[in-house]
Amino acid sequence: MESTLLERELERVRPGVLAIIRASVRDRALAEDLCGEAIRITMERLARQPLDDPQKLEAYVAQTARNLAIAERRKAARQRTMTGEQESLEQHVDELADVAVEAQRRSRAQAIRSVLDELPTPRDRELLVRFYLEDEDRETICQDLGLTTEHFNRVIFRARERFRVLLERRYAARDLLGLFLG
Amino acid sequence: MDDRLMTEGRHQQQYSDPRRGASPMTATELERINHYLSGTLPEADCIELEARMIGDDAYRAEVELSRQLRDGLRDLRQTGELDRLTRGSYRFWHQPAFGLAASAVAVMASLVALASYQQLAELRGEAVSETTPVAVTPGAATSVKLLRLVRTRSAGNEPDLTWRIDPAVGQLDLRIDVGLEPAAAYAFQLTRLDDGSSIALLSSPAIGVTNGEVAISVHAALLRPGRYEVTVRDPAGHGSSYQLAVIDE
C-alpha cells in the first residue's frame, strides 16, 4: 500500500481506534494521545513492512491500539504503587488533573441525570440501570419485569434509542463530545 | 386444530425517528458489548469486536452509546443521585400485569359489545361471514392450547408489536410499542379482513400507555383462521397497522 493511501486509510479508521482506546482509558486527552500514537506506530511499521493482505489493516491497527491501552493501564497501576519524591511530584500533577476530571464527571452526571429524568417510562430507567450499571443478566431482568426474551430485545433497544434521542436533543453534538470524551 | 398466528407488520405510517433505518442490536450483541466494556469478554472475542468497531461506523456508534451509558450511570451513582432518581419510580400501576389487566377489562367490554352486535345482526338477517366468531365465551374454544405464534419481522425503530399467549386461559396478549415518544392514550382496533370486506371485531377509543406500550388482551377464540389487522392511532391520527394471519394447519 503506498504511503498516501495508507495515510488516508489510517485517517478513516481513526475514530474506531479512538473508540477502542476510550473503552479502557477514560481520560480524553490521554486517549487522543494514545490514538495518535497508535496511528503513528502503525504508519511507521507498515512503511517498513507492508501487510501481505491490505484487508488486515483494521485488525492490525486495532491490535496496536489495544496494546497501547493495556500498556497505559499497567503504567497507571505502577504509578499507584510509587513512593517517595517522585510520587509527591506526580501527585501534584495528578491533583490538578483530578480537579478537571471531577468537574467533567459532574457535568456528565448532570447530563445523564437530566436525560434519565426525562425518560417517559420508568421501566426504561430501571432497565438501563440494571443492564448497564449493575451488569445483571437478561434472564433475571426478564423474570423480574415479566418480559419474554423477544420482548426484552425490543424494550432494551427502545430504551437505548429513547436515551440517545433525548441526549442528542438536549445537548448539541459538540457538547456531547465534550461531555463523553472528556 | 393447530392454528398459527403470524404477523407481517405492514406499517401504514411511522412515528418520527431521527435514526430510522438503523438496524437494531440484539440483546445478545448488547450483552457482548457490555462484557467488552467491563473487561470480561474473552480475548478472541475482543479482537473480533474491535476489528468490527474499526470498520463499521454504525457498530462503533452502538459501542460508544453503551460506553456513554455505563460511564454516565457510574458517575451518577458516585454523585449519589442515581438512587434518588430511580427510587420509587416504578410503581405498581407501571407493572405489565396491571396494564394488561386494565386493557383486558377494556377488551372484555368490547367483546360483550361484539356479541351483542352479532346477535343483532343475526336478528336483522344480515350476512355474517362463516368464519366470524360467534362464540366468545372464555374457555369454550378447543383450539386455544394449540395456537402457535410465529414472528416474521424483527424489531426496528418503528412501532413494533410483540405478543405472548397464555394457553391456560386462551388469552393472547399483544404489546404494541408505540414509538420513542408515546402519547398518553391510543385508539385501538382489531379488524377481520375477509375477501373484499372488513369487520371491526374490537375497538377502543383510548387505551392508556404503560411502559411505552399499548397492551391488549384478546381471547384467542376470537381469532379464527383468517386475516386480521391491528391498528393503533394517537390522538393526532398517527399510528401503525399490523396484519396478522391465523392459519389452520
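Tutor: With a term. A helix is a DSSP run of H or I with at least four residues, numbered from the N terminus. Keep in mind that this model is predicted. Now apply the term: helix 5 of chain A is followed by Asp135(A), whose phi is positive, near 55°.

Student: What is the span of helix 5 of chain A from its first C-alpha to its last?

Tutor: To judge a span, take 1.5 Å times one less than the number of residues. Helix 5 of chain A has 12 residues and reaches 16 Å, close to the 16 Å expected.

Student: How many residues of helix 5 of chain A are buried?

Tutor: Count neighbours: 20 or more other C-beta atoms within 10 Å make a residue buried. In helix 5 of chain A, 9 of the 12 residues are buried, so the helix is largely enclosed by the rest of the structure. The buried set includes charged residues such as Arg123(A), Asp124(A), Arg125(A) and Glu126(A). Leu127(A), Leu128(A), Val129(A), Phe131(A) and Tyr132(A) are buried too.

Student: Step back. Which elements make up each chain?

Tutor: Chain A has 8 helices and 0 strands, and its pattern reads α-α-α-α-α-α-α-α. Chain B has 5 helices and 9 strands. From its N terminus, chain B runs β-α-α-α-α-α-β-β-β-β-β-β-β-β.

Student: Which residues are buried in helix 2 of chain B?

Tutor: Helix 2 of chain B, residues 43–55, reaches 19 Å, close to the 18 Å expected. Leu49(B), Glu50(B), Met53(B) and Ile54(B) are its buried residues. The face turned away from them carries the exposed Ala44(B) and Asp45(B).

Student: Which residues have the most contacts inside the largest nonpolar core?

Tutor: The general idea first. In soluble globular proteins, nonpolar side chains tend to be buried together. Here the largest nonpolar core has 52 residues, and Val17(A), Ile20(A), Ile21(A), Cys35(A) and Ala65(A) have the most contacts inside it. Leaving aside neighbours within four places in sequence, Cys35(A) touches Arg14(A), Val17(A), Leu18(A), Ile21(A) and Ala65(A). A second, separate core has 27 residues, including Ile207(B), Ala220(B), Leu222(B) and Val232(B).

Student: How many residues of chain A are in contact with chain B?

Tutor: 53 residues of chain A contact 57 residues of chain B. On the chain A side, helices 1, 3, 4, 5 and 7 each give two or more residues. Helix 7 of chain A supplies the largest share, 14 residues. By type, the chain A side divides into 25 nonpolar, 7 polar and 21 charged.

Student: Is Arg77(B) buried, exposed or partly exposed?

Tutor: Arg77(B) sits in helix 3 of chain B, residues 57–78. Arg77(B) has 15 C-beta neighbours inside 10 Å, so it counts as partly exposed. Beyond its neighbours within four places, Arg77(B) contacts Leu133(A) and Leu82(B).

Student: Which way does strand 5 of chain B run against strand 6 of chain B, parallel or antiparallel?

Tutor: Read the bridges. Strand 5 (residues 185–194) and strand 6 (residues 197–210) of chain B run antiparallel, joined by 9 bridges. Leu193(B) has Ser198(B) in strand 6 as its bridge partner. Strands 6 and 7 of chain B are also antiparallel, over 2 bridges. There, Val209(B) stands opposite Val214(B). Their hairpin has 2 residues between the strands, and Asn211(B) takes a positive phi near 55°.

How values were computed
Residues numbered from 1 in each chain as written. Chains lettered and ligands numbered in written order. Predicted model: local features only at pLDDT ≥ 70, side-chain atom pairs only at ≥ 80, totals over all residues. Core = buried A, V, L, I, M, F, W, Y, C linked by C-beta atoms within 7 Å. Contact = placed C-beta atoms within 7 Å. Pairing = 2+ DSSP bridges.
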